[in-house]
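Good morning, everyone, and thank you for making time for this short talk. Please have a look at the protein on the screen, and then I will take you through it step by step.

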Amino acid sequence: MAVCACCTKVSEADSLVLAAIQIMIGIFCVFMWYLLLILYMGQIKGVFGTYEPITYKTGCSLWGIVFIISGITIIRVTRHPSQRQLTYAMLMNILCIIVAIISTILTVVELSSFESVSYRNYGQAKLGREISRVLLSFYTLELCIAFTYTIFGCVGLCRKNEDADTAVTEQVEDAL
């Protein structure tokens with residue numbers, strides 16, 4: 001498995017698969033946010049109020065756009081490898097790691113506390129919590145993918161820098 005042509009650990013095909021999975025996770029998260037938007041907007045104000053979890057208020061699922069952008073950068077660095085592109089892809093994956101950790105924490109906080117809602121909104125709240133459980137597993141998967149790519153990208157950058165240093169050292173020795 002070579003991160004593009006830069007590293008000998010992640011192959012080009014594996015990089016494209018990781019990127020495609022990141023893009024699909026991002027699209028899925030955005031669609032789930034839209035479903036939650038429609039679900040929670042349709043609530044009826046009752047005696048106990050409406051259910052608006054913290055992940056819905058922060059647009060946590062909408063952060064899947066970061067996953068999509070990160071997947072696109074991986075595809076770009078796989079197609080046109082350079083140190084600059086690889087660094088940019090690694091930075092985007094680090095951002096994905098941060099977003100996935102924050103999303104996971106917010107989802108766990110949401111799922112750990114459940115306030116009573118109006119009986120009219122109970123079904124919507126229950127469905128919304130089930131969607132959050134599904135998204136929790138996708139955030140974990142995204143965290144693993146971004147972490148894997150970042151580690152192998154870092155190895156690729158280190159090897160590329162070592163190769164450049166070795167080449168410069170050899171040129172200096174040949175000149176002497």
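Let me begin with the record: UniProt, in an unreviewed entry, places the feature "transmembrane region" at residues 16–41, 61–78, 90–114 and 134–158. UniProt positions are given here in the numbering of this talk, feature names are shortened, and such annotations may be inferred rather than shown by experiment.

Please keep in mind that this is a predicted model, in which local features need pLDDT of at least 70 and side-chain atom pairs count only at pLDDT 80 or more, while totals for chains, interfaces and linings use all residues. Residues are numbered from 1 along each chain as its sequence is written, and side-chain values use heavy atoms, with hydrogens and water left out.

The secondary structure comes to five helices and zero strands, where helices (H or I, at least four residues) and strands (E, at least two) are DSSP runs numbered from the N terminus. Of the spans in the record, residues 61–78 are 83% helix and 0% strand, with their end C-alpha atoms 27 Å apart, and residues 90–114 are 92% helix and 0% strand, with their end C-alpha atoms 37 Å apart.

Now to the packing of the helices. Two packed helices are described by the angle between their axes and the distance between the axes. Axes are lines fitted to C-alpha atoms, for helices over the stretch in contact, and angles run from 0 to 180 degrees between N-to-C directions.

How do helix H1 and H3 pack? Helix H1, residues 12–41, packs with H3 at an angle of about 160°, their axes being 7 Å apart, and H1 and H3 are therefore roughly antiparallel to each other; angles under 35 degrees count as roughly parallel, over 145 as roughly antiparallel, 65 to 115 as roughly perpendicular and the rest as oblique. The contact, meaning heavy atoms within 4.5 Å, involves residues including Ala 19, Ile 23 and Gly 26 of H1 and Phe 67, Gly 71 and Ile 75 of H3.

Helix H3, residues 64–79, also meets helix H4, residues 83–112, where the axes come within 9 Å and cross at roughly 155°, and H3 and H4 are therefore roughly antiparallel to each other as well. Among the residues making this contact are Ile 69 and Thr 73 of H3, together with Met 92 and Cys 96 of H4.

Let me finish with some single residues. Is Ser 61, at 4% relative accessibility, buried or exposed? Ser 61 sits in the loop between H2 and H3 and counts as buried, where buried means under 20% relative accessible area, exposed over 50% and partly exposed in between (1.4 Å probe, protein chains only). Not counting residues up to four places away in sequence, Ser 61 touches Cys 29, Val 30, Trp 33, Leu 36, Leu 135 and Tyr 139. From Leu 135, Ser 61 is 74 residues away in sequence, but 7.8 Å away in space, C-alpha to C-alpha.

Thr 55 belongs to helix H2, residues 54–58, and is buried, with a relative accessible area of 7%. Gly 153, in helix H5, residues 122–175, is buried with a relative accessible area of 0%, and Gly 153 and Ala 89, 64 residues apart in sequence, are 8.3 Å apart in space, C-alpha to C-alpha.
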